[in-house]
Amino acid sequence: MPIGGRKQAPIVHELEEASVTSTLSGRAWDVSGQWNRMLESRVLTDYSYEGLGKVAALEGGESLEYCYGCGKCVPVCPVDLVSEYGPRKLHRKVQTGMDLFTSDDLWKCTTCANCLRVCPKEVNMIEIMPAVREAAVLAGSVPEELQVVFEKTFRYGNALGENPRRRHGWTKEAGVEVRVLSSDPSPVDVLFYVEDYWSYHPRGQQAARSFVRILDRAGVDFAILGAEEKTIGDSQRLAGEKGLFEALMEDVVTTLAKYEFARIVTPDPHGFNALVKEYPKRGHVFEVQHYTQLLAQVIDRIPLSREINKVVTFHDPCYLGRHNGEYDAPRTLLNAIPGLNFVEMGRCRENAYCCGGGGGGMWLDGFNSNHLSERLSERRVREAVDTGAEVLAVCCPYEVSRFEDAAKSTGNDHLEVMDIAELLELAMAPVGEEVVA
Ligand code: SF4
Ligand code: SF4
């Protein structure tokens with residue numbers, strides 16, 4: 001309504017007049033002005049179906065066609081909160097002609113599985129994305145920083161491009177004996193599969209040392225592969241390098257076949273995921289545990305007597321929680337620490353917000369900084385701070401350094417990020433006071 005209080009006449013864009021003939025009586029009559037607006041049909045099919053067909057033709061890409069547009073996936077997609085992304089939006093873009101194989105959207109999904117959890121049609125981005133990425137990688141269409149990681153993994157057997165001979169360098173300062181199977185190949189209960197970030201990253205090494213000191217105090221028989229260990233490479237598979245993953249798997253099972261062990265225990269939810277889901281598909285079946293599961297089993301043998309009087313919250317790793325259903329083991333450990341005040345974040349357990357590191361996201365921060373309004377790890381750190389927590393506890397080797405960076409970049413330096421193994425070790429009684437309460 002204009003200020004003068006009078007309505008303005010609408011601007012009519014419709015045809016001046018049109019003639020309509022009844023299909024029943026055969027009579028014709030004229031309609032004019034705005035009443036004939038529906039006589040010119042909208043063009044709904046002015047795009048090619050080729051893009052959707054190309055995705056659906058791939059093994060693993062089929063389910064993109066199942067989408068019926070309900071939109072349930074969009075509000076739970078962590079990437080949609082920081083860009084225009086959710087699976088339904090992606091489906092619509094592909095349906096209306098976007099070539100996903102060359103689009104930047106291809107690299108945004110972290111394969112966190114929150115959309116699959118709610119999708120009534122089981123549109124499976126955890127299969128769609130790796131399938132399309134594999135084709136893109138073969139065509140040479142891959143972000144440069146990811147290509148660098150693929151090459152390092154291929155050449156050195158780890159994503160960081162570190163010298164394989166230095167894989168167990170961290171054990172020198174562990175303060176307890178860490179048996180390396182190539183030096184002492186006698187049978188062992190726990191084969192501790194250290195993986196890349198606990199082997200090489202300084203913050204990961206600290207957690208690895210805490211873990212072996214706890215195992216030592218709990219009397220667990222364990223050993224590592226040392227220089228023989230290669231990454232399991234599940235994130236490389238999800239980022240599109242299936243061939244590299246398969247080659248690594250051959251190397252890994254050949255090495256494992258040399259030794260006798262009861263179970264494999266790893267801190268890496270991604271390696272854990274591959275060992276329990278991908279390896280059995282090729283006939284390689286092992287007893288596998290995440291390190292929090294092992295520690296929860298032996299919690300009564302860990303002498304926890306020092307109080308940690310801090311408010312602590314916990315981030316569920318997607319590949320331990322949503323992908324493999326383990327929510328309780330990390331919480332059992334945190335709740336066993338004397339004095340610790342555990343608080344949950346609003347988005348936790350099956351609805352936990354992704355840290356952004358899965359599906360290759362760990363190595364795409366540069367790429368994502370051009371496409372997202374903020375990093376997923378930054379958003380998650382804000383959620384942790386909102387609980388009033390002083391410590392953000394994690395149990396995935398990607399996360400300590402990821403969240404520490406995010407705490408700095410969001411101005412939340414006061415938030416400590418600690419691996420659960422580090423927290424447990426802090427709570428352990430001094431050596432010599434072994435009586436467990
Ligand atoms: S929840 Fe599934 S069916 Fe619904 S819009 Fe998302 S992908 Fe499509
Ligand atoms: S898997 Fe996660 S990041 Fe990928 S589309 Fe689904 S909800 Fe979004």
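**Close-up 1. Pairing of strands β3 and β5 in a predicted model.** Strands β3 and β5 (residues 222-224) pair in the parallel sense over two bridges, where strands are DSSP runs (E, at least two residues) numbered from the N terminus and two strands pair if DSSP finds at least two bridges between them. Val180 stands opposite Ile224 in β5. This is a predicted model, in which local features need pLDDT of at least 70 and side-chain atom pairs count only at pLDDT 80 or more, while totals for chains, interfaces and linings use all residues. Residues are numbered from 1 along each chain as its sequence is written, and chains are lettered from A and ligands numbered from 1 in the order in which they are written.

**Close-up 2. The open sheet of five strands.** The strand order is β3-β5-β4-β6-β7, with parallel pairing. Because β3 (179-180) and β7 (288-290) stand at the edges with a single partner strand each, one side of each is left without a neighbour in the sheet.

Close-up 3. Strand β10 (residues 391-394) pairs with strand β11 (residues 416-419) in the parallel sense over four bridges, and Ala393 has Met418 of β11 as its bridge partner. From β10 the chain passes through helix α15 (residues 399-409; helices are DSSP runs, H or I, of at least four residues) to β11, and this β-α-β crossover is right-handed, that is, with the strands pointing away from the viewer, the path from the first strand over the helix to the second runs clockwise.
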